[in-house]
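Please read them with the model open beside you.

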Amino acid sequence: MNFKHRMVSLMVCGALLSPAWMAMGETPPAPATADAPAADAPAPPASGAPPAELKTLDQEVQGLKKDVVDLNKDLFVLQEQLLFPANTQVALYISMDVGTFFALDSVTVKIDNKEVKNYLYTAREADALLKGGVQQIYLGNLKVGKHELVAFFSGKGPVERDYKRGATINFDKGVGAKYLELKITDRVPKHQPEFMIKDWE
Amino acid sequence: MQGVINTLRPLLLGGLLLTVPFAASPKNVTPDPNGLAPHAVEDLAYGDVLFYFYEDDYFDSITRLLAARQLGRVPHTQEEAELLLGGLYLSLGEHVEAGRIFEALLNKNTSEFVRNRAWFYLGKVWYQRGYLDEAERALRQVSDKMDQRINAERYMLLAQLMMRQGRYDEAIATLSSWHGAPDWTAYAQFNLGVALVRRDRLPEAISYLDRVGNMQTRSEELLALKDKANLALGFALLQAQRAAEARPILQRVRLEGPYSSKALLGVGWADAGMGEFKRALVPWLALRKRSLLDSAVQESFLTVPYAYAQLAATGQAADFYNSAIESFDSELKRIDDSIEGIRSGKLLDRLLNDDKKDTLTWYWQLTTVPNAPESRYLYALLASNEFQEGLKNYRELNFMSRNLDDWRDDVSAYDDMLDTRQEAYNQRVPKADAVLAATDLDRLTQKRVDFESRINEIEKSNDVAALGTPEEQQTWARLKRIEEYLTAHPDDPNLSDIREKHRLMKGVMYWRLSESFRARLWNERRSVKELEGQLKETQKRAVLVKQARVGTPLTTGGYASRVAAVRARIDQLHERMADVSGRQNLFLQSLAIRELEAQKVRIETYQVQARYELAAIYDRISNGPPKSPPSAAPNVTPGTPPNAAPDTPPNPPPQSQP
């Protein structure tokens, strides 16, 4: 009798004495009908390593993923060099510093009076800027010479009021790539946001 | 639970390691003594990488970071960039590459805070992937001087790792000396209790498991742990033949929780262990109405008739055994169908069908299963690291395969573009050649030089008339001719008036020319300068045109060969992807089938038992009424004789060495 019942219930209750994994955020929430034994069954003692097949596959997958990442990098570089050669390349970036007095909704950029970008921000993107991300908002080509850039920033200013401001810069495009940064900062003494364009030499 | 996952999300290495920079949000403005000090944007490209990182778009982020590194665009943030790269590799599950980067970096002058975080997350990922030795090595590199919660988790991971390796004594030692936040304490105590039970130290285990089983909490996660502790303790006591103590503990388990079926089964066994078969029928009959997918419910299909047999209700026992055999038959058929369904190879695609999030994150897990026949058997499988990690790999390969498809389209467009460029070049070259041939820049340059010499001469000789207007020069020439005539006839008295007029007119003319000479000279010099600038520009352009004429085919050809090379790599990776993805699919499929086969074996065992007991009942009936109450003890192994000891209570279930 003892033997028989032990055999039966072994299958049912094998899981009860496994360590609590759930707290570690590793497993999805257990469904109400979860049939725990297989999941919680302790790993074979001593080795503790994953099955050889899984490990080999895992290593192969990793090698493959790394190759794909490397290829993406090469393609990214090729694309930029092909479409935006350094002698004509102009890149615009946007950054936000603090953002207490301004919540960004959209940015419109004109170069030599021609609109090159009109970008509407999602909350996630605006948040990424606030955390310290710098977005490359435009990558294009310009001839060598003098140019004018005008950027319009729209959003919510102090006291949640609609706020729209512009900033202008005249710049010289030389034979190398040109980088410009549209900066939104807080001017604390005046409780106002400030919009600047920085020419990165 | 979700909260726990979120706090561990890979703000991971980025957010936590980098404590990032540039005065972005108020929290970043305050310097973190443990992390890296906030600072202004030093490399735009690095900020761009962070932008994608903060959007949880790790694939784009790592691509841009690698490109920026190659193009030398992160000169001021090299170390941070390298740390972030390690974190990003980790986020994409590439723990080997991440480990290589961290090990190289963390030996340098990184802060203890950064070092601890990096080793901790690396250890955690290794643990999840089953690389236990590597995980232990990484976790042991972490010092105790770090966030209390993370430190608590580190010790918990180490203890779990030891338990997975069967090193219970070490796990007991680690957990006994562990101190942490109250919610973590519950897990530590539970794990300690479990480790003690596994080392046959039940008396010591009871206090730990009982404490967890009695804790006051409203957290769903901790309530589940509480249930689990009560269940573990209850079954450990049942196994130790302490049914009376086990019963109240098993009754603490919530009826609506995920462990209620096992608790009902245990309560029944506790009653049966005390000889209370009628009372045991209450939980077992309730259990029998639940889904047959649950192994506890499956067992109740045997325990109910067993109890009836013990109560000498032979007819009811036979009915329930018959019903169990039928139910098991249907269930086996369903499992067979599901195994066939899985063998068709569509399981993983069905599992991932509802997964719409097109980004890669290390913490991704499948949390819902599709409404497919085989799904109901796979919950347990989906709760295992082995399956989840394999599924994650499969999903990532799918993502990357789509990524390669997109690039393949782009690369085709590059080909077209290069062809167009080549065509435009072919059209423009004859025109350019004609213009170049018609333009004698040397001659033009010589003319400019001559012109400048002439100006110098005029200035030197103060030849004011040379810069006069054409009319002035004409007048001046006439005056010169008159002067020559007058000089040739010095004694002619008839010319005295004319001589006077000539003197006057020449004086006036000279005055006028002298007055504007400086301005005219300046204008001429300016013209020369402008001409010089224009000539230089023309020469520069001519050089550029000549260079482009020679270089364009080389550049276009260079790009064309690069495009061809990447296309070949795309094709090759696609092939590898299909191969590895297929094998990953087969592997996971085999795991799923193994799980279903195990369930099938269990049900078949139950079925054999039910048949055996039913035969025993019929045998007893046909041989006349028994002299003592029958034993309906389920017979697991075919051929094992039924236990005849009528009054021996069934021994409760739990295994001594799970």
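**Notes on the predicted model**

1. Helix H8 (residues 112-129) of chain B has 18 residues, which at 1.5 Å a residue should span 26 Å, and the distance between its end C-alpha atoms, 26 Å, agrees with that. The structure is a predicted model, and this comment applies to every point below. H8(B) is mostly covered, with 17 of its 18 residues buried, and just after H8(B) the backbone at Gly130(B) takes a positive phi of about 90°.

2. Leaving aside residues up to four places away in sequence, Leu122(B) touches Leu90(B), His95(B), Ala98(B), Gly99(B), Phe102(B) and Ala138(B). Leu122(B) is also one of the residues that touch the most other members of the largest nonpolar core, a set of 182 residues; the others named there are Ile62(B), Leu65(B), Ala195(B), Leu209(B) and Ala307(B). The largest share of this core, 17 residues, comes from H25(B), and the core also draws at least three residues from each of domain 1 (50-83) and domain 2 (89-200) of chain A. As background, nonpolar side chains in soluble globular proteins tend to be buried together.

3. As for chain B as a whole, its secondary structure consists of 25 helices and zero strands. Of its 658 residues, 41% are buried, and when contacts between residues at least 6 apart in sequence are considered, 62% of them join residues at least 24 apart.

4. H25(B) has 127 residues and reaches 175 Å from its first C-alpha to its last, which is close to the 189 Å expected at 1.5 Å a residue, and a bend of about 45° is found in H25(B) at Phe517(B). Although Leu586(B) and Ile342(B) are 244 residues apart in sequence, their C-alpha atoms are 9.8 Å apart in space.

5. Asp200(B), which is not a glycine, has a positive phi of about 60°; Asp200(B) lies in the loop between helix H12 (182-198) and helix H13 (202-213), and is exposed, with 12 other C-beta atoms within 10 Å. Ala312(B) likewise has a positive phi, near 70°, in a residue other than glycine. Ala312(B) is found in the loop between helix H18 (295-310) and helix H19 (314-343), and with 16 C-beta neighbours inside 10 Å it counts as partly exposed.

6. Turning to chain A, there are four helices and eight strands, and their order along the sequence follows the pattern α-α-α-β-β-β-α-β-β-β-β-β. Of the 201 residues of chain A, 38% count as buried, while residues 24 or more positions apart account for 63% of the contacts with a separation of 6 or more.

7. Not counting residues up to four places away in sequence, Val107(A) touches Ile94(A), Tyr119(A), Ile137(A), Ala151(A), Phe152(A), Phe153(A) and Leu182(A). Of these, Ile94(A) is 13 residues away from Val107(A) along the chain, with a C-alpha separation of 9.3 Å.

8. S2(A) and S3(A) pair in the antiparallel sense over six bridges, and Val109(A) has Lys117(A) as its bridge partner in S3(A). The two strands form a hairpin with two residues between them, and Asp112(A) in the turn has a positive phi of about 50°.

9. A further hairpin of chain A is formed by S7(A) and S8(A), with four residues between them and a positive phi of about 55° at His191(A) in the turn. Strand S7 (residues 178-187) and strand S8 (residues 192-200) pair in the antiparallel sense over nine bridges, and the bridge partner of Thr185(A) in S8(A) is Glu194(A).

Note on methods:
Residues are numbered from 1 along each chain as its sequence is written. Chains are lettered from A and ligands numbered from 1 in the order in which they are written. This is a predicted model: local features need pLDDT of at least 70, side-chain atom pairs count only at pLDDT 80 or more; totals for chains, interfaces and linings use all residues. A residue is buried if 20 or more other C-beta atoms lie within 10 Å of its own, exposed if 12 or fewer, and partly exposed in between; C-beta atoms are placed from the backbone. Two residues are in contact if their C-beta atoms, placed from the backbone, lie within 7 Å. The expected span of a helix is 1.5 Å times one less than its number of residues. The bend at a residue is the angle between axes fitted to the seven residues ending there and the seven starting there. Two strands pair if DSSP finds at least two bridges between them. A nonpolar core is a set of buried Ala, Val, Leu, Ile, Met, Phe, Trp, Tyr and Cys residues joined through C-beta atoms within 7 Å. Domain bounds come from an automatic or database domain assignment.
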